[in-house]
Amino acid sequence: MAVMRLNLFPMESTLKLKKVLLLFLTLTGVAFSLAQKARISIHNPTYKNEKLPVLKEKDFITKQRDTIAFISFDKEGEASTEITCNEPFFVIFPLYKNQAWLCVEPNKHYRIRIPNKQHLSIEDSLNAYFEPIQYYAIPEPYDSSLTQQAIINLNYTIDTLLEKHLKYIRYKIKRKYVDSLLSIVHREHQYCNTSFFKDYLFFRLAWLKYLSYERNQNFAIKTYFSEKPVLLNNPAYVEFFNELFADYLSYYATTALGEHVFSSIAKAKSPSELRRDLKRNTAFINDTLIDLVIIKGLHDAYYSKNLPNKIVFPLPQLIMTLDSMTMVAKTTALRQIAKNVIQKLKEEEKQYFFEDYPLYDLEGNEYYLRNFYGKYLYVCIMDFRSYNFLTEQKKIKAIFSRFADKLTVITIVLYPLKEKLQLLIDEEKLYGNFFSIKNPELFKKQLKIRGLPSCMLYSPSGKLLDGQAPPPEESLIPFFIDKLK
């Protein structure tokens, strides 16, 4: 007797079920990839009970940073955090005087060693050009296969190589000698198999070749960039790229190949025309690279606009060209970088007027510079932590007290200890009006104050006569008398 089999899932239903299962598996895979994490733990008692940010650069052109996590230390100095990590990238730990960098990869756990806490000295705080000391965070226990440790080892090898052989690599060039050295470096660092490190190794060695004997820019563009994928998060790629394409559009516009670059920006405001301009150079065969060069070139052109021997592009048209790049750049990542650059440049162009800044006396009352118009106004910005704060105030008293009927003196004191400042004013009978600012770091940034003391002179009507008036020295007396004429 034939056995009849009951088909519970007709063919049409089976196909639908397969589609549903396929969609489910796809979504599950996407969710899994989005859920990948990197875990970081640290033990350092010098940071006990502190909460530190974990930063990541938005992009390597603007170098602006986002806070992507926090890491909190307990009373024993133990801390851990997790960050979303779908591909390798570097995170940064601001550590007061120091700064630690760590390459994180998906689903890895890192226990790292960082420098002990060192607060900034007064000299460091007053130095407008101070930069933290940068370290690579050291993984524990030692594991040479980790990308982070391999990068540390490679950089040490290259630094040692340059120290010992720089004159042969850079000046007394012997290509076979250089290639032999680089071959040894390459062979000795094959133990780390991560793709991120392989790319890092490739571009570090490529940079050394460019430093030594491959100094033709177009050869380097074609060999190391046009024929390779764009790597936005790999520091070795980034460093070589930044060196090779520094202010590229401004220089390229002065050449025969780039003769139309200025009009492509100043008149057409057109990324498509800029692409055509760059493609006249046969070294460029990678459209994504071309867009990245355009974005960086527009960014750099803004900051080099006052330098000689370069083409200067009008800012409004430069911004408009960048704005177009936010829509037509080849990849989502490049479009976001273009947006970051626009935001940065627009922030640079903002005008912050000192006259609109609220000032606070030692009792917390709010004032503005305009409250003191009617006489000449000498404004001096000083840091209370400075060793010569009192000396400078004694000079102000000696110099300006004779002009009391025509001149008002205001000292804006950054980082004041109010009780100590008030005691100093009373005991030394200091001259003038003393105010503080709520956010000194933001204040210095927005008014582009690069050094202290910073002094300025206003007319009785509030017109800025000198934004860089002399500090309180004896030479200021004839300077001020001349202004009163």
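In strand β14, F435 is the residue that I412 faces. The strands behind this pair are β13 (residues 407-414) and β14 (residues 433-436), which run parallel and are joined by 4 bridges; two strands pair if DSSP finds at least two bridges between them. Getting from β13 to β14 takes the chain through helix α15 (residues 418-428), in a β-α-β crossover that is right-handed, that is, clockwise from the first strand over the helix to the second with the strands pointing away from the viewer. Helices (H or I, at least four residues) and strands (E, at least two) are DSSP runs, numbered from the N terminus.

All of this comes from a predicted model, where local features need pLDDT of at least 70, side-chain atom pairs count only at pLDDT 80 or more, and totals for chains, interfaces and linings use all residues. Residues are numbered from 1 along each chain as its sequence is written, and side-chain values use heavy atoms, with hydrogens and water left out.

Strand β5 (residues 89-95) is mostly covered, with 6 of its 7 residues buried (under 20% relative accessible area; exposed is over 50%, partly exposed in between, with a 1.4 Å probe and protein chains only). It runs antiparallel to β6 (residues 98-104), with 7 bridges between the two, and P94 sits opposite Q99. The two strands make a hairpin with 2 residues between them, and Y96 in the turn has a positive phi of about 60°.

Over in helix α10 (residues 271-279) lies R276, which counts as exposed because its relative accessibility is 52%.
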